[in-house]
Amino acid sequence: MTTADRLVVPGYRRDDADAHPPLRSPDYKSTMLRAPSQAPLLLPHTLTEVTGPLLGEGRVTAADSDLTRHAGGEAQGQRIVVHGQVRDSDGRPVPDTLVEVWQANAGGRYLHKWDQHDSPLDPHFTGVGRVLTDSLGRYRFVTIKPGAYPWRNHHNAWRPAHIHLSLFGRAFTQRLVTQMYFPDDPLFPYDPIYNSVPEAARHRMVSRFDLSATVEEWALGFEFDIVLRGREATPMEES
């Protein structure tokens, strides 16, 4: 049996499985191709899993958290501020954690060679950013509200507006990926990815409008806290 047949999980076991989508979700067609065919294989930690990465001062700059400016210009679309706190299962803040984001532009198109959506690219928007959480586990991005886009999973398939978030911890295997949605999106009932998450946990992927984070006459604010494990865990992609 090859490792492609199994999900190899070094020293890792979830106690919050009811919050996360299954590896295979028939309505989300690509999971049927990439999900492991056998049960997870638990491996003990080795030095590779418990060392690095080194993200010292200066490696992540303040400019990395502003996605609205690139190549000498400003991105098109509605500016938004996305902020929140990263917490562990006991509610404690998680400091110095790398949070990366990637997203489509205001027209619903990614800067990626395989994205063939006919919405135009924005020369001043790459759609990627990163930030380290502060001593209280807080993070903040300035970006553009992404557009919905077609994705050919089923007839007339459109993804709700969303931002991908990756959290990279103190070791190379400590990477978790989730998606942040926006309140009251009419596409929620039609999206197999959103609906692959157990119903009781779906609201944990939806940000809330935050007037206190809104910058007057400039950008709307949205809050999205990320809970890594436990009863209130943010649903994470496991495939």
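## Overall description

The accessible surface of the protein chain comes to about 13,500 Å², of which 54% belongs to carbon and sulfur atoms; accessible areas come from the Shrake-Rupley method with a 1.4 Å probe, and for residues only the protein chains shown count as cover. This is a predicted model, in which local features need pLDDT of at least 70 and side-chain atom pairs count only at pLDDT 80 or more, while totals for chains, interfaces and linings use all residues. Residues are numbered from 1 along each chain as its sequence is written, and side-chain values use heavy atoms, with hydrogens and water left out.

The protein chain holds three helices and 15 strands; these elements are DSSP runs (helices H or I, at least four residues; strands E, at least two), numbered from the N terminus. Of its 239 residues, 44% count as buried, where buried means under 20% relative accessible area, exposed over 50%, and partly exposed in between (1.4 Å probe, protein chains only). Among contacts between residues at least 6 apart in sequence, 71% join residues at least 24 apart, a contact being heavy atoms within 4.5 Å.

## Confidence

The average pLDDT of the protein chain is 88, and 85% of the residues score at least 70; pLDDT is the predictor's confidence in each residue, from 0 to 100. Over residues 6-13 the pLDDT stays under 50, and for this stretch the model has 29 contacts beyond four places in sequence. Where pLDDT is low, the predicted coordinates should not be read in detail.

## Nonpolar cores

The largest nonpolar core has 25 residues, of which V86, Y139, I163, L165 and I226 touch the most other members. Such a core is a set of buried Ala, Val, Leu, Ile, Met, Phe, Trp, Tyr and Cys residues joined through side-chain atoms within 4.5 Å. Two or more residues of this core are given by each of β5 (79-87), β6 (98-102), β8 (138-144), β11 (162-168) and β12 (175-181). A second, separate core of 15 residues includes Y149, V197, A201 and M205.

Not counting residues up to four places away in sequence, L165 touches V99, E100, V101, W102, Y139, L176, V177, T178, Q179, M180, F224 and I226.

## The four-stranded open sheet

Four strands form an open sheet in the order β7-β6-β11-β12, with antiparallel pairing; two strands pair if DSSP finds at least two bridges between them. At the edges are β7 (128-132) and β12, each of which pairs on one side only. From one strand to the next, the twist averages 20°.

Within this sheet, β6 and β11 run antiparallel and are joined by five bridges. E100 stands opposite S166 in β11.

## Pairing around β5

Strand β5 is joined to β8 by seven bridges, in the antiparallel sense, and to β14 by four bridges, in the parallel sense. V81 takes part in both pairings: it stands opposite V142 in β8, and its bridge partner in β14 is G221. H83 has E223 as its bridge partner in β14.

A further parallel pairing, of two bridges, joins β5 to β15 (residues 226-227); here R87 stands opposite V227. Strand β14 also pairs with β13 in the antiparallel sense over two bridges, and F209 has F222 as its bridge partner in β14.

## Loop residues

The loop between β13 (208-209) and β14 (220-223) contains E217. The phi of E217 is near 60°, a positive value in a residue other than glycine. E217 is exposed, with a relative accessible area of 80%. V215 lies in the loop between β13 and β14 and is partly exposed, with a relative accessible area of 31%. Leaving aside neighbours within four places in sequence, V215 is in contact with V81 and R140. The C-alpha atoms of V215 and I80 are separated by 8.7 Å, although these residues are 135 residues apart along the chain.

A71 is found in the loop between β3 (69-70) and β4 (73-74). A71 is not a glycine, yet it has a positive phi of about 55°. Its relative accessible area of 58% makes A71 exposed.

Conventions. Axes fitted to C-alpha atoms, helices over the stretch in contact; angles between N-to-C directions.
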